[in-house]
Amino acid sequence: MARHVAALEALFVVVLGAVPAAAQVDQARAEQYFNEARALCERDGGRLWGVSLCGPMVIADAATGTLATSQPPPAADRPRVLGLVNAPVQWGGVTWSAYNWQMIPKDDQGERGRLFMHELFHCIQPRLGLMTGGSAGDASHLDSLEGRYWIRLEWRALARALGASEPARKAAVADALAFRAARYQRFPDAAATEHPVEINEGIATYTQYALGSDNADDARRLATAALLPAETPASLIRTFAYVSGAGYGLLLDALSPGWHRKITAASDFGQLLSAAAGVTAAPDAVAAAARYDGASLRAAEEQRDREQQAIVAELRRRYVDGPVLVVPRAGSGSVNNMGATVIPGAGTVFRAMANRGAWGFFDATNGALISADGQTISLPAPVVVDATTLKGDGWTATVGPGWTVQPGPRPGSFRVVRQ
């Protein structure tokens with residue numbers, strides 16, 4: 001087991017251009033944050049995953065162009081996504097853990113530490129073989145009434161299990177497995193589309209609680225507190241594993257210590273927990289739902305579903321029926337998964353997105369649609385500014401050399417194609 005903790009070197013701050021001091025990345029606070037992350041890494045000492053999570057960190061603010069790094073920045077060009085994402089970023093041939101300055105919890109050291117551990121884990125995740133490869137499924141069934149109903153029941157059962165002792169814990173685990181099985185039965189593709197997200201994000205979320213909490217009891221308390229409020233967001237399709245991963249991982253800690261050193265990218269959380277607890281799914285998921293106020297939950301989801309249909313209709317008008325700019329989904333960029341909404345048969349609308357590829361670049365702050373086949377991105381109501389620039393509702397796009405703008409599939413629409 002690797003016990004060496006890589007040193008986080010002295011703070012380096014880069015300020016680009018003249019910007020208001022109050023809006024810039026604050027040097028003293030950034031140094032404090034790097035020290036907090038280093039302390040959590042040293043406390044772990046590489047025990048959890050066999051390697052230290054410590055590595056180069058960069059905190060950036062896209063609006064001001066300022067950043068702070070935990071070690072000297074490379075001479076290579078600064079990645080455009082810095083300040084837009086919390087994610088691993090390649091910079092100068094090295095993987096950096098990047099953070100959006102505005103998204104770091106400034107008044108809660110515990111939450112900050114968990115954010116740091118989450119993203120630092122992502123940097124070592126490929127080395128551990130815990131990446132599924134390819135594009136994760138959108139799990140669009142979790143935007144439906146039945147999909148939401150059964151996963152919310154699963155979370156309620158996981159929360160109950162985290163706070164219970166035997167035999168109540170085993171009973172709650174059996175209920176969680178029954179709700180999971182009921183969802184899989186109703187949606188044949190559910191297991192396949194949920195699995196990549198559970199591996200890629202669920203394990204990272206487990207890690208943030210395991211390493212960012214004072215002790216195991218504190219980790220379970222925090223995860224339980226997160227399970228129930230997390231039920232209410234408008235969309236769960238890309239965010240569900242941030243909740244499920246903590247619940248399953250911490251229960252596995254209690255029932256099968258050392259499980260995380262045996263998990264592979266092909267492992268299923270439900271199967272792991274079933275084996276660890278020595279139970280199978282409760283035989284009647286419908287009857288089990290009554291133990292978690294299933295009737296009230298279904299009524300709430302039915303109301304939410306009626307409201308969601310109106311939202312989807314409006315999004316369909318903007319992104320499917322109305323004029324759009326269609327660009328290739330290629331290259332790299334950032335996307336805000338919170339509040340993503342599925343338009344059945346058309347794709348998924350994300351609240352904010354930026355993308356850069358050989359075709360050009362766009363930055364959309366009011367939303368963009370990724371097609372159902374994942375090949376294109378649509379931006380609403382385009383207006384041609386000049387030969388290489390287009391604008392629309394909350395977005396601007398620039399077309400790169402060797403590419404051109406042609407009429408799109410509907411009146412007023414455009415498409416970026418290779419010349």
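How much space lies in the second largest pocket? In this predicted model, the second largest pocket holds about 290 Å³ of space. Its lining is made up of 15 residues. P79, R80, V81, L84 and F361 are the closest of these to the pocket centre. By class, the lining has 7 nonpolar residues, 4 polar residues and 4 charged residues.

Two of the central lining residues, R80 and F361, also interact with each other. The charged end of R80 sits over the ring of F361. The distance from that charged end to the ring centre is 4.6 Å. A charge over a ring also occurs at R298 and Y149. Here the charged end of R298 sits over the ring of Y149, 4.1 Å from its centre.

A search of the whole structure finds 12 aromatic pairs. One of them joins Y99 and F116 in an edge-to-face arrangement. Y99 belongs to strand β5 (residues 94-100), whereas F116 belongs to helix α2 (residues 109-128). The pair therefore ties together parts that are 17 residues apart in sequence. Y99 has a relative accessible area of 0%, so Y99 is buried. F116 is likewise buried, with a relative accessible area of 0%. Both residues are members of one aromatic cluster, formed by Y33, Y99, W101 and F116.

F179 and Y292 form another edge-to-face pair. Their rings lie 5.6 Å apart, centre to centre, with 90° between the planes. F179 is in helix α4 (residues 168-186). Y292 is in the loop between α9 (285-289) and α10 (294-321). The pair thus ties together parts that are 113 residues apart in sequence. F179 has a relative accessible area of 0% and is buried. Y292 counts as buried at 4% relative accessibility.

F179 also touches W150. W150 has its place in helix α3 (residues 145-162). At 2% relative accessibility, W150 counts as buried, because the cut-off for buried is under 20%. Leaving aside neighbours within four places in sequence, W150 is in contact with F179, A182, R183, R186, A285, V286 and R298. R298 in this list is the residue whose charged end sits over the ring of Y149. The C-alpha atom of W150 is separated by 43 Å from that of T64. Along the chain, W150 and T64 are 86 residues apart.

Two residues of helix α5 were considered next. N200 lies in helix α5 (residues 190-211), and Q208 is found in helix α5 as well. N200 counts as buried at 12% relative accessibility. Q208 counts as buried at 13%. N200 is in contact with H122, Q125, L130, M131 and T132. Q208 is in contact with R114, M117, H118 and S213. Helix α2 (residues 109-128), which holds F116, spans some of these partners. Among them are H122 and Q125 for N200. For Q208, they include R114, M117 and H118.

Methods: Residues numbered from 1 in each chain as written. Predicted model: local features only at pLDDT ≥ 70, side-chain atom pairs only at ≥ 80, totals over all residues. Heavy atoms only, no water. 1 Å grid on protein atoms, 1.4 Å probe; cavity = no way out; pocket = protein on both sides within 12 Å on 5 of 7 lines; lining within 4 Å. Points joined across faces, edges and corners; volume = space filled by probe spheres on them. Nonpolar A, V, L, I, M, F, W, Y, C, P; charged D, E, K, R; others polar. Phe/Tyr/Trp six-rings, centres within 6.5 Å; stacked < 30°, edge-to-face > 60°. Helix = DSSP H or I, 4+ residues; strand = E, 2+ residues; numbered from the N terminus. Buried < 20%, exposed > 50% of the residue type's maximum accessible area, 1.4 Å probe, protein only. Lys NZ or Arg CZ within 6 Å of the ring centre and 35° of its normal. Contact = heavy atoms within 4.5 Å.
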